[in-house]
Amino acid sequence: MIARTLPVLLIGLALFVGWKSLSRAAHETVLLHTQVVGNQERFATLWVIDDGSFLWIRAENRTRHWLASVRADPNVELRRRGYTNRYRATFFDTAEARAYVDTRFRAKYGFADWIRELSGPRDTLPIRLE
């Protein structure tokens, strides 16, 4: 009886931890608004981490449509917790920055970040907002 109950309890615990992580991720998303490109406004729903006096966002890969807008004009608006603030975006396209930011995202978003990683190859691009 215990041999059959233990795996069920472990699976239940893993699902609970995963659900809590996904729930936290859903509540910590932000809306990035970039300038108009080709008569089309760009918005992206992203995760964010705090790091002292600035924030980090990241593109999961280099094909995200909103990246072209940020490259064209790094002045962005970020809506978070009901407030909109303006930032200047700086790309940090180095292995060290990717490792640092990816580790911080994993620490904050846990299971949810791991699930996103399973969706396919990632070549994340860290972007610091100041």
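## Pairing of β7

In this predicted model, β6 and β7 form an antiparallel pair over three bridges. Within β7, L129 has A89 standing opposite. β7 also pairs with β4, again in the antiparallel sense, over five bridges; R128 in β7 has W56 standing opposite.

Five of the five residues of β7 are buried, that is, under 20% relative accessible area, so the strand is largely enclosed by the rest of the structure. L125, I127 and L129 point one way from the strand, while P126 and R128 point the other way, and all are buried.

Apart from neighbours within four places in sequence, L129 is in contact with F54, L55, I57, V76, L78, Y87, R88 and A89.

## Nonpolar core

L129 is also among the residues with the most contacts inside the largest nonpolar core, together with L32, I57 and W66; this core has 26 residues. At least two residues each come from β1 (29-37), β2 (40-47), β4 (54-59), α2 (66-72), β5 (75-80), β6 (83-91), α3 (95-118) and β7 (125-129). β4 gives the most, with five residues.

## Overall organisation

The chain has three helices and seven strands, which follow the order α-β-β-β-β-α-β-β-α-β from the N terminus. Of contacts between residues at least 6 apart in sequence, 65% join residues at least 24 apart.

Among the 130 residues of the chain, 35% count as buried. The chain exposes about 8,300 Å², of which carbon and sulfur atoms supply 59%.

Conventions
Residues are numbered from 1 along each chain as its sequence is written. This is a predicted model: local features need pLDDT of at least 70, side-chain atom pairs count only at pLDDT 80 or more; totals for chains, interfaces and linings use all residues. Side-chain values use heavy atoms; hydrogens and water are left out. Helices (H or I, at least four residues) and strands (E, at least two) are DSSP runs, numbered from the N terminus. Buried means under 20% relative accessible area, exposed over 50%, partly exposed in between (1.4 Å probe, protein chains only). Contact means heavy atoms within 4.5 Å. Accessible areas come from the Shrake-Rupley method with a 1.4 Å probe; for residues, only the protein chains shown count as cover. A nonpolar core is a set of buried Ala, Val, Leu, Ile, Met, Phe, Trp, Tyr and Cys residues joined through side-chain atoms within 4.5 Å. Two strands pair if DSSP finds at least two bridges between them.
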